[in-house]
Amino acid sequence: MLDRIIEILQGIRDDIDYYSEDSLIDDGIFDSFDIVGLVSELKDEFDIDIIIDDLTPANFNSAESICALVKKLQDED
Amino acid sequence: MALTSFYFLVFLAVVIVLYYLVPKKIQWVWLLIVSYAFYLYSGIGQVFFLLGTTIVTYGSGLLMQKRRDRYKAELASDPSMDREKKQELKKKAGKDIHKIQVLTVVLDLVVLAVVKYSGFAISNINSILKSLGSESAIPGLKIIVPLGISFYTFMAMGYVIDIGRGKYEAEKNPAKLALFLSFFPSIVQGPISRYDDVGKKLVEQHKINYENLTYGAQLIMFGFFKKLVIADRVAPVVTQIFSVKMFDKLSGTTMFFGMLCYAVQIYCDFSGGIDITRGVAQMMGIELPLNFERPYFSTSVAEYWRRWHITLGAWMREYVFYPIMLSKPMSKLSKKVKEKHGQKASKYVPSVITPFIVFILIGIWHGANWRYVAFGLYNAVIVAGSVALEPLFKKWAEKLHIKTDSKGWKVFKIIRTFLILGISKILVKAASLKMAIKTIFKIFTSFNLAFGSEMVKYGFDLGYKNNIVLGLAVLFLFIISLLQENGIKIRQSVGKWFIVFRWIAYFVLLIIILVFGIYGPEYDAANFIYQTY
């Protein structure tokens, strides 16, 4: 799953090393437009429902945290 | 009571001394008392609006909390409950909570609309009636806009939405919520704080702390410097240049100069006021959120809105932008576009539509006037346009062999963004939308490089001495901002200086404010611009 998420992230910006980057939001690498684009791709790809409360910096700061969020939401379903 | 008035400083001294003298348990009660005393000073009638909003917000929060607690109790009462039943209960509770949430937000908006926008609506209806040949007109309502209503109403709505979303538990003590909504320095012009952040800090116990006292006092002094030495000094020039009577007399170049002056004035006025607010809070150990991060160093309009009035931008992002972008109609639209025009287009459509809604709201938030609607639209067009045209810009940059990571390109982008925003500020400052458009047109068509002589001729040149003071003060502010932009923390750095130099610096700044500050009658400074929003 992580590799697929990184592929999606590379579609947004391809100049970041997503395996090591852990401040995507805190450092302003992704803006709100990027987040919304990412959310709609994650929704389609993994068939999950991401709501506004999930849009916290902690959930989107790294590929790993995004992966953890997707897994959590899949389990909830 | 203006934050820069002599009376406010006396009031502040009493508040802070007693804040540290009263038992720590009741420090927050003291803050509530002085906040309401401060508010009452602005008019007894106005306090009812604040009280009403507080009571409705408190009650609504509690009702939602009760409904959520009931749902949790229902779940806990039957551990063997099947998934379908759980889902059903969740849906039912969600619906009930949503109803309370929507009703409260609508009520908040109705009060805001009646107080702030009814005059605007009535005058528009009357002008339509007049154009239709009717002689009857609706009489205007005479309501004084309560101090800080746009700020505390947004804070109250944020609280209600957060409780509805289950982000944190509702406040059980109405007095604590009342303090959050009325905290005296920030009620004037923000920042728009959030309950889970500032609400908690306000009721914490605070010990006297040398660092907080000195850092807070420094921030207050810097705010005074921005407001009294720069903003209020340049204000008369701006007023004259954008006055209707001067329009035919002045060249476009003078108006361009006026635009630059207004950009400096509004930044120093608003951010100076916020510095004072944050400084006051810090002296009592309370950290308020940042509202400015050197916005004129932004390389794009979208970035500017993340660095100017940060708390309003964050509010809009959290409660308007994301909900619209993630809403069902928007994702349906996005899917439709995806089917017809592919992945890329589907990303752009919501990214182009939503800024229009958000920026028109930001425009209207500032006030009831078509100028503000135009201001919102202008910003939306720039932000949405830059998202839509981003691939094209990238291609051009490649073709023209522009090094997009070079310093020169960055400086170019900063100046370009500043000028684009300057135009938007004319929309805010001009006497009417028509005058604003005429002014912008004139800037591009009427030139006179000796614009200074025009100012002398019509008697609103500041004079040699004032021009020097203003120039040096702006240069000082620019250098400080540049250092901060490069990661240097000024207050911490000054704090490490040898004690004698440090105190000399404080005294010099104080003397500059006292000698070069612009004071009105009874040493009261002019009111803040954002106080009227």
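Let me begin with a convention: axes are lines fitted to C-alpha atoms, for helices over the stretch in contact, and angles run from 0 to 180 degrees between N-to-C directions. What we have here is a predicted model, in which local features need pLDDT of at least 70 and side-chain atom pairs count only at pLDDT 80 or more, while totals for chains, interfaces and linings use all residues. Residues are numbered from 1 along each chain as its sequence is written, and chains are lettered from A in the order in which they are written.

In chain B, helix α3 (residues 44–77) packs with α5(B) at an angle of about 5°, their axes lying 9 Å apart; helices here are DSSP runs of H or I with at least four residues, numbered from the N terminus. That makes the two helices roughly parallel, a term that covers angles under 35 degrees. Among the residues making this contact are B:F49 and B:M64 of α3(B), with B:Y152 and B:I163 of α5(B), where contact means C-beta atoms, placed from the backbone, within 7 Å.

Turning to the domains, whose bounds come from an automatic or database assignment, chain B is divided into domain 1 (6–205), domain 2 (208–288 + 432–533) and domain 3 (295–429). Between domain 1 of chain B and domain 3 of chain B, the centres, taken over C-alpha atoms, are separated by 29 Å, and 12 residues of domain 1 are in contact with seven residues of domain 3. On the domain 1 side, α4 (83–131) and α5 (149–165) of chain B each give two or more residues.

Finally, the contact between the chains takes 15 residues from chain B and 10 residues from chain A, and α12(B) gives the most to the chain B side, with five residues.

Methods: Two residues are in contact if their C-beta atoms, placed from the backbone, lie within 7 Å. Angles under 35 degrees count as roughly parallel, over 145 as roughly antiparallel, 65 to 115 as roughly perpendicular and the rest as oblique.
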